[in-house]
Amino acid sequence: MVSAVEEAIFFYGIARYCPPDFQVKGSNPFTENYSVISPEVLEDAQGNQIAEKNARFVRALLEFDAVIIAGQAKSHCVAWTIDDLLSEIGTLDKKLAKKVYLLEDCTSPVVIPGVVDYTDEANAAFQRFSDAGMHVFRSTDALESWSGIAL
Amino acid sequence: MGQVWRVPYQERAEEAKKWATQYKIETASQDRFRICLLLVDVQNTFCIPEFELYVGGRSGTGAVDDNRRLCEFIYRNLDVITQICPTMDTHQSMQIFHSIFLVNERGEHPTPFTLISIEDVEKGVWKFNPKVAAGLNIDVDYGQKFLHYYTQQLQAGGKYDLTIWPYHAML
């Protein structure tokens with residue numbers, strides 16, 4: 001974890017008596033795993049399960065009144081995590097999308113100059129999430145002013 | 001922000017306790033409106049310039065600037081964030097999206113950021129590397145069939161093609 005962010009999380013954990021809930025992903029040899037909610041492919045050609053969704057985590061997230069999402073990369077792990085969360089929300093109650101807040105100034109897309117640039121894909125994904133009812137805010141906007149946040 | 005350093009845990013713990021007392025900050029379990037902060041892969045490999053898969057955005061300073069703002073956000077809203085959930089990407093060398101998993105007719109592996117479509121697999125542009133099989137406890141035929149099925153599934157799901165990433169987030 002990035003030192004400065006680890007420090008902030010540690011400070012938070014002590015001040016609030018709340019340890020971080022780490023979610024580890026990505027070590028299955030047979031599938032990419034951008035989203036923390038689900039690997040890309042869950043079974044092999046014969047239909048045998050090779051990986052599974054993190055259903056427990058989805059349930060935990062949706063029990064909160066608000067879920068604020070940031071991190072890297074906006075075009076990959078962030079986008080596919082939100083996309084999977086939106087799919088799960090779609091099977092439960094579409095109004096749950098209003099609980100989700102995306103911190104657009106704390107996430108960036110993969111850009112390797114002259115090789116790849118996923119900026120447009122990332123922005124299109126965020127537009128789709130916004131259209132589905134999720135909120136997009138900046139970290140510098142006062143939290144108490146965010147729509148739906150009742151502190 | 002863009003560097004790796006030792007976190008002075010003991011000092012920060014003492015400061016955090018003082019801070020909580022001084023500003024009468026309650027424990028998170030007391031929050032009535034419960035806010036989760038989900039932090040996706042805020043890891044050195046993605047966030048530190050010169051690291052394997054640094055996410056620079058178009059500005060070139062993307063993840064570094066993001067994390068400066070993120071730290072400020074955490075400290076500023078420390079009293080109302082109920083839970084922080086950091087995700088951690090964890091990889092090993094022999095995974096489907098790393099170079100060594102695939103090989104061409106000449107015995108070469110794909111370079112990072114190569115995209116591999118189902119057509120590439122069907123034409124034999126890239127094949128499952130048979131030398132990987134034993135280490136993953138599968139047979140070569142299964143590996144090749146799985147690669148075909150995998151690229152087909154990605155295409156059917158509207159996802160990006162199989163992407164070969166630089167070795168990163170290594171355990």
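User: How much space lies in the largest cavity, and what makes a space a cavity?

Analyst: The largest cavity holds about 150 Å³ of space. Of its 15 lining residues, those closest to the centre are A:Tyr34, A:Cys77, B:Asp89, B:Trp165 and B:His168. It is called a cavity because, on a 1 Å grid over the protein atoms alone, a 1.4 Å probe fits there but cannot get out; lining residues have an atom within 4 Å of a point. The volume is the space filled by probe spheres set on the points, which are joined across faces, edges and corners. In the whole structure, the search finds 1 cavity of 30 Å³ or more.

The model is predicted: local features need pLDDT of at least 70 and side-chain atom pairs pLDDT 80 or more, while totals for chains, interfaces and linings use all residues. Residues are numbered from 1 along each chain as its sequence is written, chains are lettered from A and ligands numbered from 1 in the order written, and side-chain values use heavy atoms, without hydrogens and water.

User: Which classes make up the lining of the largest cavity?

Analyst: That lining has 9 nonpolar, 4 polar and 2 charged residues. Nonpolar covers Ala, Val, Leu, Ile, Met, Phe, Trp, Tyr, Cys and Pro; charged covers Asp, Glu, Lys and Arg; the others, Gly among them, are polar.

User: What are the volume of the largest pocket and the classes of its lining?

Analyst: About 230 Å³ lies in the largest pocket. Its 17 lining residues include A:Thr107, A:Ser108, A:Pro109, B:Gly62 and B:Asp66, the closest to its centre. By class, the lining has 1 nonpolar, 8 polar and 8 charged residues. A pocket is an open set of points with protein on both sides within 12 Å along at least five of seven lines.

User: Why is B:Met94 called partly exposed?

Analyst: B:Met94 has a relative accessible area of 27%. Buried is under 20% and exposed over 50%, with partly exposed in between (1.4 Å probe, protein chains only), so B:Met94 counts as partly exposed.
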